[in-house]
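Here are a few notes to read alongside the structure, with the model open in your viewer.

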Amino acid sequence: MIRARRLEALDDSPEAVRRRSPVHHLWYAAYGSNMHLDRLTAYLAGGRPPGGLRGYPGCRDPRAPARTAPIMLPGLLYFATESQVWTGGSAFYDPDAAPARRPDGRPESVELPSCAYLLTLSQFSDIAAQEMYREPGEDLDLTEAVTRGRSRTGPGRYETLVCPGLLDGYPVLTFTAPWSSQDIAMNPPAAAYLRHIAAGIVASHGWSARRAADYLAGCPGADGHWTATEIAALLTAPA
């Protein structure tokens with residue numbers, strides 16, 4: 001197993017904000033199918049990901065990430081809406097999910113495994129645009145996100161930016177929906193989609209296939225529809 005990196009707290013003092021603005025490089029915290037580099041490459045270099053129904057134009061800068069790092073994001077992974085690429089539910093991140101309760105009643109932190117990619121601003125912006133089925137080409141303004149920890153660039157399902165902290169001095173950013181996991185109906189994910197997520201967890205965190213499958217089988221939306229045994233089997237099935 002690979003030890004996950006822990007994030008530094010987001011310092012919102014004027015001097016700290018000045019040092020990291022404007023943003024030129026950042027860590028993109030992928031928590032869905034983009035955890036798998038094969039899938040992310042379709043966004044970076046263009047093409048159709050294995051098992052997907054849609055192709056992508058790619059980023060203005062198609063280079064591979066400069067670095068990768070396994071991290072744990074505070075919050076909950078869940079599946080909802082209907083994916084136009086995979087069918088079934090899409091993965092979303094709820095950074096405000098309430099802590100789980102242990103049998104003795106004490107709170108237990110909620111975390112999800114993520115793969116952080118060190119990217120340029122243009123690469124992150126172009127990935128975000130393609131997630132919303134738009135043509136890439138315009139840089140996002142990350143000032144509010146890296147200052148306050150969150151910002152909304154639009155009403156879409158992946159247009160809320162979250163900055164949970166810093167890693168090696170660079171801001172960590174991801175995108176998710178504007179709603180919480182309590183505000184929307186769950187929808188189970190498709191097999192090809194789950195396979196990319198599970199493979200990404202195994203590759204980035206060094207988890208066993210069974211551990212990754214146990215985790216995903218317990219996420220809202222997959223829970224009750226996919227068993228850990230079924231998810232683990234996806235990793236050995238033909239792509």
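1. Let me start with Arg150, which counts as partly exposed because its relative accessibility is 35%. Please keep in mind that this is a predicted model. The partner to look for is Asp96: the two side chains meet in a salt bridge, at 2.8 Å from N to O. This pair links distant parts of the chain, with Asp96 in the loop between β4 (90-94) and β5 (100-101) and Arg150 in strand β8 (residues 150-152), 54 residues apart. Asp96 itself has 52% relative accessibility, so Asp96 counts as exposed.

2. Next, have a look at helix α4 (residues 143-148), where Glu144 and Arg148 are 4 residues apart and therefore separated by about one helical turn. Their side chains form a salt bridge of 3.9 Å, N to O. Here Glu144 is partly exposed, at a relative accessible area of 39%, while Arg148 counts as exposed at 69% relative accessibility.

3. Helix α6 (residues 209-217) holds Arg210 and Asp214, 4 residues apart, or about one turn of the helix. They too are joined by a salt bridge, with 3.3 Å between the closest N and O atoms. Arg210 counts as partly exposed, at 42% relative accessibility, and Asp214 is partly exposed with a relative accessible area of 41%. Elsewhere, salt bridges with shared partners join Arg5, Arg67 and Asp168 into one network. Over the whole structure, the search finds 10 salt bridges.

4. Is helix α3 mostly covered or mostly open? Helix α3 (residues 121-131) is mostly covered, with 11 of its 11 residues buried.

5. Finally, the strands. Strand β2 (residues 68-74) is mostly covered, 5 of its 7 residues being buried. This strand pairs with β7 (residues 111-120) in the antiparallel sense, over 7 bridges. For a handy landmark in that pairing, find Met72, whose bridge partner in β7 is Pro113.

Conventions. Residues numbered from 1 in each chain as written. Predicted model: local features only at pLDDT ≥ 70, side-chain atom pairs only at ≥ 80, totals over all residues. Heavy atoms only, no water. Buried < 20%, exposed > 50% of the residue type's maximum accessible area, 1.4 Å probe, protein only. Helix = DSSP H or I, 4+ residues; strand = E, 2+ residues; numbered from the N terminus. Pairing = 2+ DSSP bridges. Salt bridge = Lys/Arg side-chain N within 4 Å of Asp/Glu carboxyl O.
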